[in-house]
There are 2 protein chains.
Amino acid sequence: MRTVFIENVRPELDAGRYPVKREVGDRFEVSADILKEGHDVLAAVVRYREKDDSNSGGDWQETPMRFVDNDRWSGSFELTANTRYLYTVIAWADAFLSWRNEFQKKLEAGQNIKLELEEGRLLIVDAASRAASPFRQQITLILDQFADAEHELRVELLLSERVQRLMQQAPDRSLATTYDRELEVTVDRVRARYAAWYEMVPRSQGAVPGKSATFADCIARLPEIRSLGFDVVYLTPIHPIGRTHRKGPNNTLHAGPDDAGSFYAIGNEEGGHKAIHAELGTLDDFRNFAGEARKLEMEIALDIAIQCSPDHPYIKEHPEWFSYRPDGTIKHAENPPKKYQDIVNVNFSGEHREALWREWRDVFLFWIEQGVKIFRVDNPHTKPVQFWEWLIADVQHAHPDVIFLAEAFTRPKLLQALAKAGFTQSYTYFTWRNFKQELTEYLTELTQTEVREYLRPNFFVSTPDILPGFLQTGGRPAHQIRLVLAATLSSVYGIYNSFELCENAAVPNSEEFLHSEKYEYKVWDWNRLGNIKDYITAINRIRAENPALHEFDNLRFYPADDDNILFYGKADRDYDNLIFIAVNLDPFEPHQAVLEFPLFEMGIKRDRTFQVEELLSGKKHLWRGARHSVDLDPQVNPAEIYRISLWAYKDYAEPCF
Amino acid sequence: MRTVFIENVRPELDAGRYPVKREVGDRFEVSADILKEGHDVLAAVVRYREKDDSNSGGDWQETPMRFVDNDRWSGSFELTANTRYLYTVIAWADAFLSWRNEFQKKLEAGQNIKLELEEGRLLIVDAASRAASPFRQQITLILDQFADAEHELRVELLLSERVQRLMQQAPDRSLATTYDRELEVTVDRVRARYAAWYEMVPRSQGAVPGKSATFADCIARLPEIRSLGFDVVYLTPIHPIGRTHRKGPNNTLHAGPDDAGSFYAIGNEEGGHKAIHAELGTLDDFRNFAGEARKLEMEIALDIAIQCSPDHPYIKEHPEWFSYRPDGTIKHAENPPKKYQDIVNVNFSGEHREALWREWRDVFLFWIEQGVKIFRVDNPHTKPVQFWEWLIADVQHAHPDVIFLAEAFTRPKLLQALAKAGFTQSYTYFTWRNFKQELTEYLTELTQTEVREYLRPNFFVSTPDILPGFLQTGGRPAHQIRLVLAATLSSVYGIYNSFELCENAAVPNSEEFLHSEKYEYKVWDWNRLGNIKDYITAINRIRAENPALHEFDNLRFYPADDDNILFYGKADRDYDNLIFIAVNLDPFEPHQAVLEFPLFEMGIKRDRTFQVEELLSGKKHLWRGARHSVDLDPQVNPAEIYRISLWAYKDYAEPCF
């Protein structure tokens with residue numbers, strides 16, 4: 001019988017259909033409406049365990065919930081392992097606490113409480129029969145003391161803290177209610193939430209024009225990427241590239257014999273998604289590259305694009321995985337009226353789908369064997385959500401440390417559906433959100449609504465496919481502005497190589513890079529004039545040194561009285577690290593604004609002085625009051641980042657020496 | 001396999017754990033996020049049936065859903081029966097619509113579409129094999145026409161509306177996805193939403209001081225109550241009253257031999273909850289009374305208070321239903337330090353609960369047999385929510401027209417829990433919400449949040465237990481103000497007899513009526529000076545004549561630039577009946593405000609004239625523009641109620657005769 005009403009358990013996604021996400025080391029707070037008719041005193045616990053029973057942590061554990069307000073209860077436990085946990089809520093009317101509560105009121109009202117005293121004793125007798133050692137012995141001792149005591153001492157004994165604590169060891173939970181559902185939380189490693197990504201096109205890392213770079217060239221680039229402050233090096237596809245319908249420079253339809261081809265037209269007679277393009281090197285070379293990255297405390301992320309060039313080995317080996325036209329020819333990718341003749345899609349819903357799904361999972365497992373633990377998935381929104389839900393759960397069951405980033409540039413609800421289905425992180429609309437109102441609205445949705453429970457936004461400033469108009473027109477200041485926004489609005493962000501050089505030549509009226517390295521061999525001068533490498537290094541250092549910037553859902557916006565200036569702040573969980581950021585969103589003109597600091601939230605009294613350090617310039621200030629003016633010149637200081645420290649205040653009341 | 005993602009189905013309460021509520025004749029709208037990877041064209045239906053399979057309407061029916069925006073779909077069906085319906089959503093990728101969509105794009109782009117045409121034909125061949133007569137024959141005819149036609153005609157044929165309509169008769173739903181849950185809607189009769197209640201203490205309806213009235217006296221009162229505009233006559237408990245610990249006048253502890261006793265101390269040697277107090281009459285007299293009410297198109301509501309006087313027959317017949325102290329005495333009701341010695345509570349959770357629960361259900365069934373279809377349940381929040389959920393579902397299974405009103409004056413979440421568990425209506429905090437901000441906030445919660453899906457607020461201006469301070473101090477205008485608010489903010493409301501006389505003498509520093517008829521025989525002069533019967537009659541007439549006032553969740557608040565004046569409006573479903581109400585919330589002083597009418601919502605262009613009728617005075621106006629001033633004098637016109645009509649406008653473009 002359900003004696004207690006347990007509702008609105010949070011977090012909970014779609015009645016527990018999907019897990020929420022957290023990271024190792026988080027304290028996980030579970031709250032619920034818990035209520036019952038009448039005046040009983042309730043007690044409740046959060047019950048939880050790791051999901052995989054084969055783990056040592058498979059037994060249910062409990063942590064007490066406390067009453068908050070208005071029938072709301074809350075309890076928490078620490079997420080110590082990189083795994084999935086189950087949790088639910090149990091609540092009951094506590095007979096002893098109810099008795100104690102009423103007994104005290106009657107006592108205070110001076111009523112005759114002789115019968116009540118006996119009722120209390122009987123509850124303790126009951127508890128003794130339920131309690132385990134050593135509590136049973138202790139309870140029996142209480143009963144002996146009670147038997148020997150006078151009335152006043154009996155009252156005192158039964159109301160004592162000691163008895164209350166003991167009784168909590170053996171509550172009568174025979175009529176306890178367990179919440180209808182077991183909920184789930186996926187606990188990822190911290191890098192799922194806090195990381196700086198550097199997207200590298202491996203073949204562009206060399207120095208010989210018209211020729212592919214090798215993994216050796218990539219290795220040579222690693223120390224610089226590390227010194228810029230990145231910790232994930234994400235490679236665009238490294239597989240053999242198809243010959244049939246190969247694309248020429250600038251996405252032209254016909255490639256010459258020396259043209260590189262798009263690395264998204266994957267597979268030829270040399271192999272498919274488990275093979276490496278011979279120009280880049282061998283599997284050993286790749287392993288070597290990944291090992292060098294590890295030495296520098298960086299991780300490799302691979303791009304997995306589930307699509308085949310017409311030359312992919314699967315087409316011969318598994319014709320049953322593809323779709324065919326009435327004339328027997330294979331069906332190419334298309335989005336009418338556009339045709340993609342260099343790409344063939346597999347048929348995820350055909351009758352051979354089981355083997356097909358397993359094969360794609362094996363592609364991930366193959367690279368996991370090579371030491372890759374982070375995958376960026378290309379166009380996940382053109383494959384079934386159900387497929388991803390299965391694949392990610394299956395892979396993470398054996399490898400909970402694997403991270404999946406969804407390139408879900410699609411409709412908002414499909415983007416969210418992929419995140420719910422299991423993707424660890426997602427690309428977002430940040431790439432196109434430039435101005436104050438749209439940034440505030442979008443970031444509020446990402447960080448303050450239910451979305452934050454399952455979608456970790458990885459903010460990319462640009463990608464090989466997307467050079468946003470803001471960067472095309474705003475030059476160097478625009479690159480600095482977008483970098484600060486990406487790196488501080490979210491806790492995980494990325495840049496695509498050549499962003500540090502402010503490369504922004506576009507195909508006219510498009511978001512495509514001109515002479516995109518998607519279609520040709522490219523050589524970059526990584527020290528080109530006008531680069532913002534120092535700025536990137538500074539921003540990544542500030543991120544590393546300030547735990548407030550390691551989280552994303554702690555973001556809050558604050559008033560700035562000019563629409564060109566965005567003002568926001570973050571605090572770490574202990575409120576020790578307080579960071580505020582003011583950004584001029586206009587790359588062309590200086591703007592001034594009065595910023596309004598949230599003194600109350602900051603724990604600062606209105607007339608107290610506090611210390612402010614601007615972290616990009618190193619300048620320090622002593623400020624008083626909530627309102628402070630800022631002048632942001634895109635050519636000089638497009639953004640300022642303030643760290644607040646309290647100024648110790650000695651009160652007259654304190655002893656003087 | 002779940003090919004389509006169906007989420008956020010609305011309405012849905014706690015993942016379908018509880019039904020939502022509607023009334024017979026409503027169009028029931030179901031909406032959902034429906035999405036799938038890729039570019040397929042989707043189709044979806046709402047599937048529904050009456051819950052009780054023994055009904056003729058037990059088969060599943062379907063109504064199409066249409067795409068709204070941002071992956072949101074919506075469909076609706078009419079709720080024709082007073083019963084419970086089940087509903088869910090089914091969606092699939094429609095192969096023919098997807099083909100048609102891509103085919104058109106390729107055709108427009110001038111591409112070779114020979115193979116596509118054949119793919120389309122094959123889809124029609126498939127459909128022919130699925131279709132039932134007569135659609136199969138019609139599809140076969142299409143295929144014959146296709147075979148005989150030239151290329152151009154074939155294209156035209158396959159894109160024709162006729163083929164599209166036919167194909168919708170036989171969609172390939174083999175990969176359709178059905179939403180995980182079957183949801184439920186309780187469809188009550190309209191009186192559950194729209195009614196005016198008159199609470200009558202039967203023993204106070206007579207004319208002989210110190211003596212109980214009879215049902216004959218009550219019958220004599222019915223025509224007046226009808227003429228005031230009420231359609232539910234709700235009687236406080238009519239059962240025998242206990243003698244032991246009977247309360248005297250003004251809730252004193254000792255009653256004299258002629259004291260009436262509280263009608264909530266139910267049961268004595270003459271009977272319990274199925275018996276009638278001999279002073280009022282016999283069961284036949286009661287039936288006669290109910291019959292007379294029916295003749296006047298009024299219904300009787302009975303008050304069911306699940307509690308016993310110490311003299312109730314249950315105590316002797318079923319001692320196992322009660323709780324006992326360690327000394328063997330029966331446990332009286334208490335809320336420490338308060339004691340209620342004239343009342344004994346049953347033990348709902350004891351081992352004999354099954355028989356006990358059934359007995360209380362039988363009490364309701366007994367009165368249903370006597371023709372009572374509306375019950376007001378006293379203190380439901382001191383009995384298990386689970387008990388009510390079972391009882392109401394069980395009773396309504398056989399008697400779907402029975403209405404339960406919860407006197408849930410308790411914590412907000414318990415009040416809501418009782419509504420979710422099945423109570424048709426609930427008392428609310430309206431009784432204590434007097435001023436602009438608190439009324440606006442509370443009514444917005446009741447009418448604009450999920451609460452409206454399950455909680456129908458029955459607004460009582462006062463009860464035998466509650467004479468609010470506002471009525472105690474505000475006199476006649478306060479009574480008029482509260483009446484207008486109750487009767488127009490909600491669609492179902494009630495007054496307690498003597499409210500029409502503005503009776504407001506209170507026990508000092510309490511909300512108790514002085515000389516409350518709960519404890520004594522009372523004789524009222526129903527035509528006492530200062531009564532507001534004409535005002536009540538007018539308000540109830542305005543309610544009856546304006547369908548906008550028959551609903552509660554159509555309430556919207558609009559600006560009035562004085563905090564003493566509340567301004568709000570309601571429209572019926574077709575937007576034919578537009579009602580706006582301005583109320584002066586201050587019973588002491590006149591106040592003026594500029595009201596701002598929502599011209600856009602009203603469908604009125606800014607510079608067009610519209611007609612306004614003030615329904616209490618009958619005055620008519622022609623107004624233009626959104627802003628209009630109002631002057632409300634509590635002694636003259638504490639409220640104004642406007643009905644808006646459009647003024648037909650003849651444009652120059654229209655023909656002149």
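Q: Is B:Cys502 buried, partly exposed or exposed in this predicted model?
A: B:Cys502 lies in the loop between β20 (492–496) and α14 (533–545) of chain B. Its relative accessible area is 11%. Buried means under 20%, so B:Cys502 counts as buried.

Q: What is the phi of B:Cys502?
A: B:Cys502 is not a glycine.

Q: Is B:Asn8 buried, partly exposed or exposed?
A: B:Asn8 sits in strand β1 (residues 5–10) of chain B, and its phi is positive, near 50°, in a residue other than glycine. The relative accessibility of B:Asn8 is 33%. Buried means under 20% and exposed means over 50%, so at 33% B:Asn8 is partly exposed.

Q: Which backbone oxygen does the side chain of B:Arg189 reach?
A: B:Arg189 is in the loop between β10 (183–188) and β11 (195–200) of chain B. With a relative accessible area of 19%, B:Arg189 is buried. At 2.7 Å, its side chain reaches the backbone oxygen of B:Asp401.

Q: Which residues is B:Arg189 in contact with, leaving aside its neighbours within four places in sequence?
A: The list includes B:Asp401, whose backbone oxygen the side chain of B:Arg189 reaches. With those neighbours left aside, the contacts of B:Arg189 are B:Glu23, B:Val24, B:Asn82, B:Glu299, B:Lys373, B:Ile374, B:Asp401 and B:Ile403.

Q: Where is A:Pro134, which a cis peptide bond joins to A:Ser133?
A: Omega of the bond between A:Ser133 and A:Pro134 is about -5°. A:Pro134 is placed in the loop between α2 (114–130) and α3 (135–148) of chain A.

Q: Why do the buried residues of α4(A) line one face of the helix?
A: In helix α4 (residues 151–158) of chain A, the residues A:Val155, A:Leu157 and A:Leu158 are buried. Seen down the axis of α4(A), the buried residues line one face because they fall within an arc of 165°.

Q: Which exposed residues are on the face of α4(A) turned away from its buried side?
A: The buried residues of α4(A) are covered by elements including α1 (95–108), α2, α3 and α5 (161–167) of chain A. The face turned away from that buried side carries the exposed residues A:Glu152 and A:Glu156.

Q: How much area do chain B and chain A bury between them?
A: In the interface, 53 residues of chain B are in contact with 53 residues of chain A. Of the buried area, 50% is on carbon and sulfur atoms. The area buried between the two chains is about 5,100 Å².

Q: Which residues of chain B lose the most area to chain A?
A: Three residues together account for 13% of what the side of chain B buries. They are B:Met1, B:Glu37 and B:Lys413.

Q: How many salt bridges does the rule find across the interface of chain B and chain A?
A: The side chains of A:Arg181 and B:Asp14 meet in a salt bridge, with N to O at 3.1 Å. Across the interface of chain B and chain A, the number of salt bridges found by the rule is 16.

Q: How many charged residues does the side of chain B that touches chain A have?
A: The rule finds 22 residue pairs in polar contact across the interface of the two chains. By class, the side of chain B that touches chain A has 17 nonpolar and 9 polar residues. Its charged residues number 27.

Key
Residues numbered from 1 in each chain as written. Chains lettered and ligands numbered in written order. Predicted model: local features only at pLDDT ≥ 70, side-chain atom pairs only at ≥ 80, totals over all residues. Heavy atoms only, no water. Helix = DSSP H or I, 4+ residues; strand = E, 2+ residues; numbered from the N terminus. Buried < 20%, exposed > 50% of the residue type's maximum accessible area, 1.4 Å probe, protein only. Polar contact = N/O pair within 3.5 Å; in protein donor to acceptor, adjacent residues only side chain to side chain. Contact = heavy atoms within 4.5 Å. Buried area = accessible area lost by both parts, 1.4 Å probe. Salt bridge = Lys/Arg side-chain N within 4 Å of Asp/Glu carboxyl O. Nonpolar A, V, L, I, M, F, W, Y, C, P; charged D, E, K, R; others polar. Arc of directions from axis to C-beta.
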